[in-house]
Amino acid sequence: MDYQYQKPTLLQALIPIIFLIVALFYNVLVFGDGALDGSNQIILILSGGVATIVALRLGMKWKDVEKGIVKTISSAMASIIILLLIGSLAGTWLLSGVVPAMIYYGLQILNPTIFLFAACIVCAIVSIATGSSWTTAATVGIALMGIGKALGIHDGMIAGAVLSGAYFGDKMSPLSDTTNLAPAMAGTDLFTHIRYMTITTIPSISIALILFLILGFMQGGSGEVTETSSILTAIDSKFNINGWLFLVPATVVFLIVKKVPAIPAILIGALLGAVFALIFQPEVVKTVADWTGSSAKLMFVGVMKSLFGDVAIVTGNGIVDELLQSGGMAGMLKTVWLIVSAMIFGGVMESSGLLKRIAEAVITKVKSTGSLVAATAGTTIFFNGTASDQYLAIVVPGRMYADIYKKKGLAPENLSRTLEDSGTVTSVLVPWNTCGAYHSNVLGVATGAYIPYAFFNLISPIMTITFAYLNIKIRKLKEGKSEMEVAA
């Protein structure tokens with residue numbers, strides 16, 4: 001957009017960003033992990049207020065600020081709908097036994113000789129199934145730490161394997177909030193984003209797995225891993241685990257490959273999960289219902305609860321009980337709140353020309369696609385270290401660089417991929433970031449001890465920058481659309 005008001009200076013444009021960084025840093029110091037419960041959202045809104053003050057001083061009218069906010073929020077509505085539907089999908093996939101089946105079969109590939117390699121794969125499977133690196137680390141991750149220690153493997157190596165797999169799955173799962181957030185900020189759709197991420201993510205995880213395999217053989221291993229038997233028994237005691245359950249995710253994958261739009265594809269996946277729950281897990285459905293009445297009524301209530309609210313399957317095994325939980329559609333409301341709050345901040349910054357002014361300062365230093373991607377990666381890592389939150393490391397750079405990528409003729413999935421390759425995965429490497437603090441505490445391993453072995457997290461930003469400088473699979477805009485969108 002062209003400036004319709006007094007053009008801001010770079011210092012004026014940076015005032016809201018500086019306020020945001022300082023306020024978030026202090027907020028995280030005070031609230032710790034609790035900052036994710038709402039105080040970060042308030043900080044974003046307050047930062048939007050600071051941006052509004054700057055905009056008003058530049059001659060902008062409040063009604064124009066309000067229009068900018070509404071327009072920006074509107075642009076994220078499709079992503080918000082997808083996010084809510086994914087909450088429902090996660091609930092029915094848990095109730096139907098799809099998620100437990102993924103965990104059940106994933107754990108059985110453990111082998112002490114290739115423990116680190118297998119641990120990474122197990123965590124990747126679980127994280128893809130749950131969409132959460134935090135849940136994966138707090139459940140299967142803790143179990144793997146105990147198994148690895150019993151085998152005499154270095155704590156840092158185990159944690160590095162756990163986090164590499166967990167963040168690969170988190171990054172590639174359509175159930176993940178960050179995987180939905182990145183394309184929303186960049187201006188592309190969920191499945192385009194996931195497909196495009198495979199270009200850099202598969203090589204990154206492949207290199208990481210090779211390194212874990214080498215480390216595993218160097219470490220050796222003896223004895224049998226029996227600690228997982230209790231987990232498998234607990235899952236088997238509650239669910240009818242069988243191969244037919246994989247028809248549900250297979251159907252969703254098929255729809256994605258056929259380029260069915262995200263909203264109907266996810267809705268079909270959620271409803272199919274509900275049908276399979278009624279067919280294969282009727283007793284679990286009745287237990288979740290916790291209701292009185294006829295069998296038909298109990299089945300209806302159980303399925304509906306999985307779609308909209310909290311579901312917790314109690315097995316008697318603490319690790320499994322923690323893993324087999326879902327918040328349904330309601331569980332996504334915090335992330336929706338975050339997106340709306342971010343859009344308020346971004347809406348003021350964009351409509352007032354403040355983001356454009358910052359972008360102009362950046363773009364003068366950008367001489368190539370490689371340098372633009374490197375600048376984006378550097379900015380996300382900077383926000384991980386200063387704002388101490390992975391969501392903000394995606395939100396702020398996402399809105400800041402969206403217009404630059406467009407002007408450079410680059411499809412928005414280039415930006416969304418870079419945000420995840422450098423923002424999502426590096427958050428766990430910063431000790432004072434909420435992710436770094438959380439995982440260090442949960443796994444009982446100092447951040448500095450696992451950083452050298454978190455191979456996937458270290459390789460991902462390097463991979464995305466390398467691909468950009470070598471101009472490998474860099475999608476261009478074509479007549480206002482990405483090549484991928486045109487092909488669709």
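**View 1. Lys 407 and Asp 403 form a salt bridge.** Their closest N and O atoms are 3.6 Å apart. A salt bridge here is a side-chain nitrogen of Lys or Arg within 4 Å of a carboxyl oxygen of Asp or Glu. Both residues lie in helix α20, 4 residues apart, about one turn of the helix. Helices (H or I, at least four residues) are DSSP runs, numbered from the N terminus. Lys 407 is exposed, at 54% relative accessible area. Asp 403 is partly exposed, at 35%. Buried means under 20% relative accessible area, exposed over 50%, and partly exposed in between (1.4 Å probe, protein chains only).

This is a predicted model: local features need pLDDT of at least 70, side-chain atom pairs count only at pLDDT 80 or more, and totals for chains, interfaces and linings use all residues. Residues are numbered from 1 along each chain as its sequence is written, and side-chain values use heavy atoms, with hydrogens and water left out.

**View 2. Arg 399 and Glu 350 meet in a salt bridge.** The N to O distance is 2.5 Å. This pair links distant parts of the chain, 49 residues apart. Arg 399 sits in helix α20 (residues 390-407), and Glu 350 in helix α17 (residues 333-351). Arg 399 is buried, at 14% relative accessibility. Glu 350 is partly exposed, at 28%. Side chains of opposite charge can pair when their charged atoms come close.

**View 3. Helix α14 holds the pair Glu 283 and Lys 286.** The two side chains meet in a salt bridge at 3.9 Å, N to O. The residues are 3 apart in helix α14 (residues 282-289), about one turn of the helix. Glu 283 is exposed, at 53% relative accessibility. Lys 286 is partly exposed, at 27%. The whole structure has 4 salt bridges.

**View 4. Six residues make a nonpolar surface patch.** They are Phe 25, Tyr 26, Leu 29, Val 30, Phe 31 and Trp 432. The patch covers about 690 Å². Patch residues have over 30% relative accessible area and no salt bridge; like charges are joined within 9 Å, nonpolar side chains (Val, Leu, Ile, Met, Phe, Trp, Tyr) within 5 Å. Areas come from the Shrake-Rupley method with a 1.4 Å probe; for residues, only the protein chains shown count as cover. Leu 29 belongs to helix α1 (residues 10-31). Leu 29 is exposed, at 59% relative accessibility.

**View 5. The second largest pocket holds about 1200 Å³ of space.** Its lining counts 43 residues. Nearest its centre lie Ser 132, Trp 134, Thr 135, Asp 177 and Gly 331. Helix α7 (residues 133-150) gives the largest share of the lining, 5 residues. On a 1 Å grid over the protein atoms alone, a pocket is an open set of points where a 1.4 Å probe fits, with protein on both sides within 12 Å along at least five of seven lines; lining residues have an atom within 4 Å of a point. Grid points are joined across faces, edges and corners, and the volume is the space filled by probe spheres set on the points.

**View 6. The cysteines form 0 disulfides.** A disulfide is a pair of cysteine sulfur atoms within 2.5 Å. The sulfur of Cys 120 is 7.3 Å from its closest cysteine sulfur, in Cys 123, too far for a bond. Cys 120 is buried, at 1% relative accessibility. For Cys 435, the closest cysteine sulfur is also in Cys 123, 16 Å away and too far for a bond. Cys 435 is buried, with a relative accessible area of 1%.

Methods: Helix = DSSP H or I, 4+ residues; strand = E, 2+ residues; numbered from the N terminus.
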